[in-house]
Amino acid sequence: EISKAIGSRGMIGGQMLDMESQGKEIEPSLLEYIHAHKTGAFIKASVRVGGILGGATREELSCLTIYGEEVGQAFQIKDDLLDMKGEEYFTGKRMAGSDLKKKKATYPLYFGMEKSKKLMDENIKKAIQALAPFNARAKYLVGIAEYIKDRNI
């Protein structure tokens, strides 16, 4: 799970495509792919590994996979939104607004701030819905999803 998430078909591959896409116009589907294979792949793997180690059934693991994918996508969109604010305090980056300066493909660049927020909200909603079979046992995962949505730093 971990090597798949960080390898050429995961985080490393997504990061490579991200860097190759700088300054180029790409299709929104490639933007989604890049985001899913950067931090998103690692988040999904982390959630899946927890499920595997906890003895999740096939159905439960499927729910955790959906949660991880949706939360991973939301995390990347939120990161793009925070970078657009251009405040180091919010981004944790020395060069706040660096995505724009580097001409990186981001959700706000392609869809605007408001639509990006809506897309992120949809990801969070789907992530939380995927956890329904776990009931109260998923309260910490729900909390992580809500934190991603509301985070400022």
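**Exercise 1. The second largest pocket**

How do the residues of the lining of the second largest pocket divide into nonpolar, polar and charged?

*Solution.* Before starting, note that this is a predicted model, in which local features need pLDDT of at least 70 and side-chain atom pairs count only at pLDDT 80 or more, while totals for chains, interfaces and linings use all residues. Residues are numbered from 1 along each chain as its sequence is written, and side-chain values use heavy atoms, with hydrogens and water left out.

Step 1: On a 1 Å grid over the protein atoms alone, a pocket is an open set of points where a 1.4 Å probe fits, with protein on both sides within 12 Å along at least five of seven lines, and lining residues have an atom within 4 Å of a point. Ala, Val, Leu, Ile, Met, Phe, Trp, Tyr, Cys and Pro count as nonpolar, Asp, Glu, Lys and Arg as charged, and the others, Gly among them, as polar.

Step 2: list the lining. The second largest pocket has 13 lining residues, and those nearest its centre are Gly50, Gly51, Leu64, Phe134 and Leu141. Two or more residues come from each of H4, H5 and helix H9 (139-150), where helices are DSSP runs (H or I, at least four residues) numbered from the N terminus.

Step 3: sort by class. The lining of the second largest pocket holds seven nonpolar, four polar and two charged residues.

**Exercise 2. The largest pocket**

Find which helix gives the largest share of the lining of the largest pocket.

*Solution.* Step 1: about 490 Å³ of space lies in this pocket, a volume being the space filled by probe spheres set on grid points that are joined across faces, edges and corners.

Step 1: of its 27 lining residues, Ala36, His37, Lys44, Glu69 and Gln73 lie nearest the centre. Helix H1 (2-6), helix H3 (28-37), helix H4 (39-53), helix H5 (58-85) and helix H8 (107-130) each give two or more residues to the lining.

Step 2: the largest share, seven residues, comes from H5. By class, this lining has nine nonpolar, eight polar and 10 charged residues.

**Exercise 3. Two partners of H3**

Describe how H3 is set against H8 and against H4.

*Solution.* Step 1: axes are lines fitted to C-alpha atoms, for helices over the stretch in contact, and angles run from 0 to 180 degrees between N-to-C directions. Angles under 35 degrees count as roughly parallel, over 145 as roughly antiparallel, 65 to 115 as roughly perpendicular and the rest as oblique.

Step 1: H3 and H8 pack with axes 11 Å apart, at an angle of about 95 degrees, and are therefore roughly perpendicular to each other. Pro28, Leu31, Glu32 and His35 of H3 make the contact (heavy atoms within 4.5 Å) with Tyr107, Tyr110 and Phe111 of H8.

Step 2: the axes of H3 and H4 come within 3 Å and cross at roughly 45 degrees, which makes H3 oblique to H4. Here His35, Ala36 and His37 of H3 meet Thr39, Gly40 and Ala41 of H4, and this contact has two nonpolar, four polar and no charged residues.

**Exercise 4. Arg151**

Is Arg151 buried or exposed?

*Solution.* Step 1: buried means under 20% relative accessible area, exposed over 50% and partly exposed in between, with a 1.4 Å probe and protein chains only.

Step 1: Arg151, in the segment after H9, has a relative accessible area of 8% and is therefore buried.

Step 2: not counting residues up to four places away in sequence, Arg151 touches Phe75, Lys78, Asp79 and Leu82.
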